[in-house]
Amino acid sequence: MKTIYLILVLNTFMLFTACGQHPKELASKEAIPTDMKKTDAYWKDKLSPESFRILREQGTEYPHTGAYNLHFKEGTYRCMACKEPLFESDSKFKSDCGWPSFDASIEGKVRYERDNTLGMVRTEIICNTCDGHLGHVFNDGPTATGVRYCVNSVALDFNSEDKKEE
Ligand SMILES: [Zn+2]
């Protein structure tokens with residue numbers, strides 16, 4: 001019994017430390033089971049080579065090159081792969097970083113994972129529906145939320161016809 005208790009305590013501890021690097025109030029959300037979690041072969045067939053590189057191979061587009069970097073129309077930004085809505089134009093702000101920047105995501109649509117690649121500790125943002133890589137989120141946002149979602153344009157699909165449903 002003691003061993004089981006110890007394992008439980010250790011697990012809880014590890015869970016907390018794993019979340020330690022996530023921006024404030026952005027708890028890592030559980031991945032939701034969905035039939036959109038397809039194989040790479042499926043997405044290779046559906047996506048452009050550049051979208052595939054970003055969404056499925058955790059790539060990054062060159063800064064200041066993306067279609068939505070300086071795009072400020074009203075509407076909804078959806079996942080390029082599964083088409084789920086991810087960000088509203090209300091949360092987009094002008095940033096000099098070179099990528100589309102948002103100060104909030106649509107509730108439950110994005111999940112967070114620690115990313116230790118390239119010698120940095122960052123928080124990766126992932127589409128909760130299809131597991132596509134979107135970009136990273138940082139704690140240096142200039143707006144009231146204090147966070148900056150830095151998203152690759154080619155991971156997004158914009159639709160100005162989308163109106164908020166409330
Ligand atoms: Zn998606």
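I count two strands as paired if DSSP finds at least two bridges between them. The model is predicted.

Entry 1, the sheet. I looked up the strand order first. Six strands form an open sheet, in the order S3-S4-S8-S7-S6-S5. The pairing is antiparallel. I then checked the edges. They are S3 (92-93) and S5 (110-115), and each pairs on one side only.

Entry 2, S7 and S8. I turned to S7, residues 133-138, and S8, residues 148-151. Four bridges join these antiparallel strands. Which residue of S8 is the bridge partner of Phe138? I found Arg148. For His136, the bridge partner in S8 is Cys150.

I followed S7 to its pairing with S6, residues 122-127. Again I found an antiparallel run, joined by four bridges. Next I read the hairpin of S6 and S7. Five residues lie between the strands. Asp131 takes a positive phi there, near 70°.

I went back to S1 (residues 76-79) and S2 (residues 85-88). They run antiparallel, with three bridges joining them. Tyr77 has Phe87 as its bridge partner in S2. Which residue takes a positive phi in this hairpin? I noted Lys83, with phi near 70°. The hairpin of S1 and S2 has five residues between its strands.

Note on methods: Residues numbered from 1 in each chain as written. Predicted model: local features only at pLDDT ≥ 70, side-chain atom pairs only at ≥ 80, totals over all residues.
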